[in-house]
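This report describes a single protein chain. Please keep the sequence and the model in view while reading.

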Amino acid sequence: MANIYIALFSCFAVCRENRSRTDTYVPEIYSRETYRRTYQVNFHPVLSENFWRDIPFNLTFYPPNMKKERGRKQGKRFQGEMDYRNPDSPPRCDRCRMLGHNRKNCNNPGLSNV
């Protein structure tokens, strides 16, 4: 609905600039006459539940049988060239940034995670 207002506002700005009528830019469905024709019918309020008829069947709705998958969801991002590591390069430690080992096998436990 917000897009309609933005479109109408920009349309009015164009009409003001060109000194033309808005009828040429705005579709007929958004006109006042269409709005009035839509809501000219009388709406009758719904009676209270005391006046409702009993129905011969059961209207019980159960939630769909959906189980939540375990684990972290897979990302939907497309990977580019920079996301792939060269398989020939040795591993680099996340803790000390040295080559040849990983965080699990790091010999520098005193360094903080940078």
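The model is predicted, so local features are given only at pLDDT of at least 70 and side-chain atom pairs only at pLDDT 80 or more, whereas totals for chains, interfaces and linings use all residues. Residues are numbered from 1 along each chain as its sequence is written, and side-chain values use heavy atoms, with hydrogens and water left out.

**Overall architecture**

Of its 114 residues, 8% count as buried. Here buried means under 20% relative accessible area, exposed over 50%, and partly exposed in between, with a 1.4 Å probe and protein chains only. The accessible surface of the chain comes to about 12600 Å², and carbon and sulfur atoms account for 54% of it; areas come from the Shrake-Rupley method with a 1.4 Å probe, and for residues only the protein chains shown count as cover. Among contacts (heavy atoms within 4.5 Å) between residues at least 6 apart in sequence, 2% join residues at least 24 apart.

Thr34 is found in helix H2, which spans 32-38. Not counting residues up to four places away in sequence, Thr34 touches Glu28 and Ile29. Its side chain also makes a polar contact with the side chain of Ser31 at 2.9 Å. A polar contact is a pair of N or O atoms within 3.5 Å; within protein, one must be able to donate a hydrogen and the other to accept it, and residues adjacent in sequence count only if both atoms are side-chain atoms.

Leu47 lies in the segment after H2. Together, Val46, Leu47, Phe51 and Trp52 make a nonpolar surface patch of about 520 Å².

**His101, Arg97 and the cysteines**

His101 is also placed in the segment after H2. Leaving aside neighbours within four places in sequence, His101 is in contact with Pro91, Arg92, Cys93, Cys96, Cys106 and Asn107. Arg97 is found in the segment after H2, and its phi is near 65 degrees, a positive value in a residue other than glycine.

The count of disulfides (cysteine sulfur atoms paired within 2.5 Å) comes to zero. Cys93 is in no disulfide, its nearest cysteine sulfur being that of Cys96 at 3.7 Å. Cys106 is likewise in no disulfide, and the nearest cysteine sulfur, that of Cys93, is 3.8 Å away.

The relative accessibilities of the residues discussed are as follows.

| Residue | Relative accessibility | Class |
|---|---|---|
| Thr34 | 16% | buried |
| Leu47 | 55% | exposed |
| Cys93 | 0% | buried |
| Arg97 | 42% | partly exposed |
| His101 | 18% | buried |
| Cys106 | 13% | buried |

Conventions: Patch = residues over 30% accessible without salt bridge, like charges linked within 9 Å, V, L, I, M, F, W, Y side chains within 5 Å. Salt bridge = Lys/Arg side-chain N within 4 Å of Asp/Glu carboxyl O. Helix = DSSP H or I, 4+ residues; strand = E, 2+ residues; numbered from the N terminus.
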